[in-house]
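Visitor: I am new to this structure and would like to learn how to read it. Please take me through it one feature at a time.

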Amino acid sequence: MPDASKPTDLPREPSAELSPATLAVTAGREPRIPGGQVGSPLLLTSTFHAGGTDVYARESNPTWVAFEEALGSLEGGLATAFASGLAAADAALSLAPVGGVVVAPESAYGGVVATLRERAARGSLEVRFVDIVDTDAVISACEGADLLWLESPTNPLLAVADLPRLADAAREKGVLTVCDNTFATPLLQRPLELGIDLVVHSATKYLAGHSDVILGACVSADDSLTERLRAHRTLRGAIPGPMETWLALRGMRTLALRVERAGRSAAELAARLAGHPAVERVRYPGFGAMVSIEVRGGAEGADRVCAATRLWVHSTSLGAVESQLERRRRIPIEPEVVPENLIRLSVGIEDVEDLWRDLEQALAAA
Ligand SMILES: *Cc1c(COP(=O)(O)O)cnc(C)c1O
């Protein structure tokens, strides 16, 4: 670090009083040293000269630190970046003891549900699947459990869990709570403030936001949990690439603008879709930019709609600047409670009238 000039008195970690939209821009910046860089460094090295705090790049990389500071300050905890959302989920699940009991949504991100099923089949975890909307049933299932896995809103049914009540009840029973906050983003929901112990993100989605990165993260306000997660990352090697981390941080700088714009368009499109004759049901939680619709004509009708769009991109994944759609059950591991004719819409930042015109012409194919 250069020490010739003293940093200004502005701390590297901006005040917690700043609003999340500002923190998305300012958190994780380099110190304000005259002549110092404004942009974040992208450090491509596998090792460091001996004698410093960074030793080997499977253990630490300053590029991770900038991303982790930014995400941590948005969620209100310490973030730990991982190679993917699923690697972050795997790290979070490693906090449950071997053979421990996990309570989890019967419908959530397919990869997480598949991971849980696979572990249950191997006997490394016992899993109790629940409907997360049924708060009382979730609380009863927590009796004698080790970890409560939540995702809210869920992918792709957009079910919303009562996070504060579940967090309280789980804490009373000594159950660790995890919430996948990928769909809401920390701009719309901060689970740690609601009493949840650990937040998981697929940073691949809204945080990075440009369909060019696979990355994940965990965030906790409990230092002992963070220590265990970082030990897991180092020892299992589930580390993020510096390039991916740097791109995700760059994407996060515009998170507030993207979430605001996409959210406004999603509310408008959800209202219009509810009145469309080819749409049997609209699922929209009232916030965020994800909308799921069930269309006439079953799986085939839904496939025809997905094939007919010109502007909307027919692809898996979500949370990007471009609008995407997909019939989720085309993915073999998708839980069977997801209807065959359900199309998940990830509303992007294009002009809302262009998006509507394209959807209308595609829905004519249902
Ligand atoms: C995509 C996704 C994941 C998995 O993240 P990857 O980055 O693809 O590994 C986890 N949870 C949710 C809600 C997701 O949408």
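Visitor: In which hand does helix 2 pass helix 9?

Guide: This is a predicted model. In it, the crossing of helix 2 with helix 9 is left-handed.

Visitor: What else describes such a pair?

Guide: In general, the angle between the axes and the distance between them describe two packed helices. Here helix 2 covers residues 62–75 and helix 9 covers residues 242–252; their axes come within 9 Å and cross at roughly 35°.

Visitor: Which residues of helix 2 and helix 9 meet?

Guide: From helix 2 there are Thr-63, Trp-64, Ala-66, Phe-67, Ala-70, Leu-71 and Leu-74. They meet Pro-242, Thr-245, Trp-246, Ala-248, Leu-249 and Met-252 of helix 9. By class, this contact has eleven nonpolar residues, two polar and no charged.

Visitor: At what angle do helix 10 and helix 12 pack, and how far apart are their axes?

Guide: The angle between helix 10 (residues 255–274) and helix 12 (residues 352–363) is about 30°, and the axes are 10 Å apart. The crossing of this pair is right-handed. Helix 10 contributes Ser-265, Glu-268, Leu-269, Arg-272 and Leu-273 to the contact, while helix 12 contributes Val-352, Glu-353, Leu-355, Trp-356, Leu-359 and Leu-363. Seven of the residues in the contact of helix 10 with helix 12 are nonpolar, one is polar and three are charged.

Visitor: Where do Pro-153 and Pro-156 lie?

Guide: Pro-153 is in the loop between strand 4 (147–151) and helix 6 (163–172). Pro-156 is also placed in the loop between strand 4 and helix 6. Leu-158 is another residue of the loop between these two elements. The phi of Leu-158 is near 60°, a positive value in a residue that is not glycine.

Visitor: Now the ligand. How many residues surround the ligand, and which are the closest?

Guide: The ligand has 14 residues around it, and the closest are Gly-85, Leu-86, Asp-180, Thr-204 and Lys-205. The shell divides into five nonpolar, six polar and three charged residues.

Visitor: Which atoms of the ligand lie 2.8 Å from Leu-86, 3.2 Å from Asn-155 and 2.6 Å from Asp-180?

Guide: For Leu-86, an oxygen atom of the ligand is 2.8 Å from a polar backbone atom. For Asn-155, a polar side-chain atom lies 3.2 Å from an oxygen atom of the ligand. For Asp-180, a nitrogen atom of the ligand is 2.6 Å from an N or O atom in the side chain. On its own the ligand has 380 Å² of accessible area, and the protein covers 93% of it.

Conventions:
Residues are numbered from 1 along each chain as its sequence is written. This is a predicted model: local features need pLDDT of at least 70, side-chain atom pairs count only at pLDDT 80 or more; totals for chains, interfaces and linings use all residues. Side-chain values use heavy atoms; hydrogens and water are left out. A residue is near a molecule or strand if one of its heavy atoms lies within 4 Å of it. A polar contact is a pair of N or O atoms within 3.5 Å; within protein, one must be able to donate a hydrogen and the other to accept it, and residues adjacent in sequence count only if both atoms are side-chain atoms. Accessible areas come from the Shrake-Rupley method with a 1.4 Å probe; for residues, only the protein chains shown count as cover. Ala, Val, Leu, Ile, Met, Phe, Trp, Tyr, Cys and Pro count as nonpolar, Asp, Glu, Lys and Arg as charged, and the others, Gly among them, as polar. Axes are lines fitted to C-alpha atoms, for helices over the stretch in contact, and angles run from 0 to 180 degrees between N-to-C directions. Helices (H or I, at least four residues) and strands (E, at least two) are DSSP runs, numbered from the N terminus. A crossing is left-handed if the near helix is turned anticlockwise from the far one by less than a right angle, and right-handed if clockwise. Contact means heavy atoms within 4.5 Å.
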